[in-house]
Amino acid sequence: MQRLTAALRWLLVGLGVATIFALLAPVGWPFELFSHFRVQYAMAALALAAALAWRRAAMPTLIALALAVWHALPGLAAARQSAGSDGCSGPAFTVATANVRFSNAQPEAFRAWLATQPADLLVIQEVTAAWAAELEAQAGHPYRYVIAREDPYGLAVLSRWPLESVTRVDLAGDGRPSLAGVVDVGGQRIRFLGMHTRWPITPALAAARDEALRAAAALARASDLPVVLLGDLNLSPDSPAFGSLLEQSGLSDALQGRGWRPTWLAGFWPLALRIDHVLVSPSLCVEAVTVGPPVGSDHRPLAVLLIA
């Protein structure tokens, strides 16, 4: 039993180290990688507190409880807030983002999801030539713009509403495209920006992701129309880069105050994160949010009902 107590103490030390690294996230890579898992840290700390209390280790139990509370605080604070604003009286429309995975050759799950959760404006990541052909068959979305690539950075936008001036933009200057344009929603013009940023597993990739986020924020801030930014941003709401994106863009997180809704399963549920996002101008009201089942990738599609 002494070995069990010692093992629990070492696990607590590991959790403490991860917490310190998460606190250093504003410094940048690699510490930011530890900032995404606060829900997991809180649950692990609670489990450790219970096990240490059973072993009658008073001080380690208190430390574990303190870590659990600290990691849970952002989620508890967010649960008391909500995105959007009151008084919207314009048309209602649904936007959605879905990562279909470029190596996924089985579109049945995507078709099933789209049939049960039709979106008026849909941004899709990891679109290959094969997926472009699949999207061409979606007659319910007659307006579209597709960039097919045989890597994870193909993009497409599909719309039930007329699209204006859709353009390919290189936000990070690294050749990876994003899509910017305007959609006419029942007479209300909405600017959208569809993105898939780099996976920040190296300093260079993290820098490219952050540069794309800064450029996207500048475009949103300068817009004379309401903005919807959506896609796979490869960062969680607990990342300092996410907070900077909201502050610099003036946009709101559509899932703010709507609980923990992971969209990336990581192949292992305990590591699930929300890295797919819909951000909106404060003038748009968020009426409902739906996280769908996986569509053939580790990602779950995210749909948001908005009122202009």
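Analyst: A cavity is a set of grid points where a 1.4 Å probe fits but cannot get out, and a lining residue has an atom within 4 Å of one of these points. This model is predicted. It holds 1 cavity of 30 Å³ or more.

User: Which residues line the largest cavity?

Analyst: The lining consists of Leu 171, Ala 172, Asp 174, Arg 176, Pro 177, Ser 178, Met 195, His 196, Thr 197, Arg 198, Ala 208 and Ala 212. Strand E7 (188-196) and helix H6 (203-222) each supply at least two of the lining residues.

User: What makes up this lining, by class?

Analyst: The lining has 6 nonpolar, 3 polar and 3 charged residues. Asp and Arg count as charged.

User: What makes an open space a pocket and not a cavity?

Analyst: The probe cannot get out of a cavity, whereas a pocket is an open set of points. The largest pocket holds about 670 Å³ of space. Of its 30 lining residues, Pro 74, Gly 75, Ala 78, Pro 237 and Asp 238 are closest to its centre. Helix H3 (58-78) gives the most to this lining, with 7 residues. The second largest pocket holds about 530 Å³. Among its 22 lining residues, Trp 199, Asn 234, Trp 264, Ile 275 and His 299 lie nearest its centre.

User: How do you know what span H6 should have?

Analyst: The rule is 1.5 Å times one less than the number of residues. H6 has 20 residues, so it should span 28 Å. Its end C-alpha atoms are 29 Å apart, which agrees.

User: Which residues of H6 are buried?

Analyst: They are Leu 205, Ala 206, Ala 208, Arg 209, Ala 212, Leu 213, Ala 216, Ala 217 and Ala 220. Their cover includes E7, strand E8 (227-232) and H7. In an α-helix, residues three or four places apart point the same way, because there are 3.6 residues a turn.

User: Why is Ala 220 called buried?

Analyst: The cut-off for buried is under 20% relative accessible area. Ala 220 has 10%, so it is buried. Beyond its neighbours within four places in sequence, Ala 220 is in contact with Val 227, Ser 249 and Leu 251. Ala 220 and Gly 250 are 30 residues apart in sequence, but 7.5 Å apart in space, C-alpha to C-alpha.

User: What makes a group of residues a nonpolar core?

Analyst: The members are buried residues of listed nonpolar types, joined through side-chain atoms within 4.5 Å. The largest such core has 27 residues, and Val 95, Ile 190, Val 228, Val 278, Val 304 and Leu 306 have the most contacts inside it. A second, separate core of 18 residues includes Ala 212, Val 227, Leu 229 and Leu 235.

User: Why is Arg 56 called exposed?

Analyst: Exposed means over 50% relative accessible area. Arg 56 reaches 78%, so it counts as exposed. It lies in the loop between H2 and H3. Its phi is positive, about 60°, although Arg 56 is not a glycine.

User: Is Ser 165 buried or exposed?

Analyst: Its relative accessible area is 56%, so Ser 165 is exposed. Ser 165 is found in strand E5 (residues 163-169). Its phi is near 45°, a positive value. Most residues other than glycine have a negative phi.

User: What kind of peptide bond joins Trp 29 and Pro 30?

Analyst: The bond is cis, with omega about 5°. Most peptide bonds are trans. Pro 30 is found in the loop between helix H1 (2-23) and H2.

Note on methods
Residues are numbered from 1 along each chain as its sequence is written. This is a predicted model: local features need pLDDT of at least 70, side-chain atom pairs count only at pLDDT 80 or more; totals for chains, interfaces and linings use all residues. Side-chain values use heavy atoms; hydrogens and water are left out. On a 1 Å grid over the protein atoms alone, a cavity is a set of points where a 1.4 Å probe fits but cannot get out, and a pocket is an open set with protein on both sides within 12 Å along at least five of seven lines; lining residues have an atom within 4 Å of a point. Grid points are joined across faces, edges and corners, and a volume is the space filled by probe spheres set on the points. Helices (H or I, at least four residues) and strands (E, at least two) are DSSP runs, numbered from the N terminus. Buried means under 20% relative accessible area, exposed over 50%, partly exposed in between (1.4 Å probe, protein chains only). Contact means heavy atoms within 4.5 Å.
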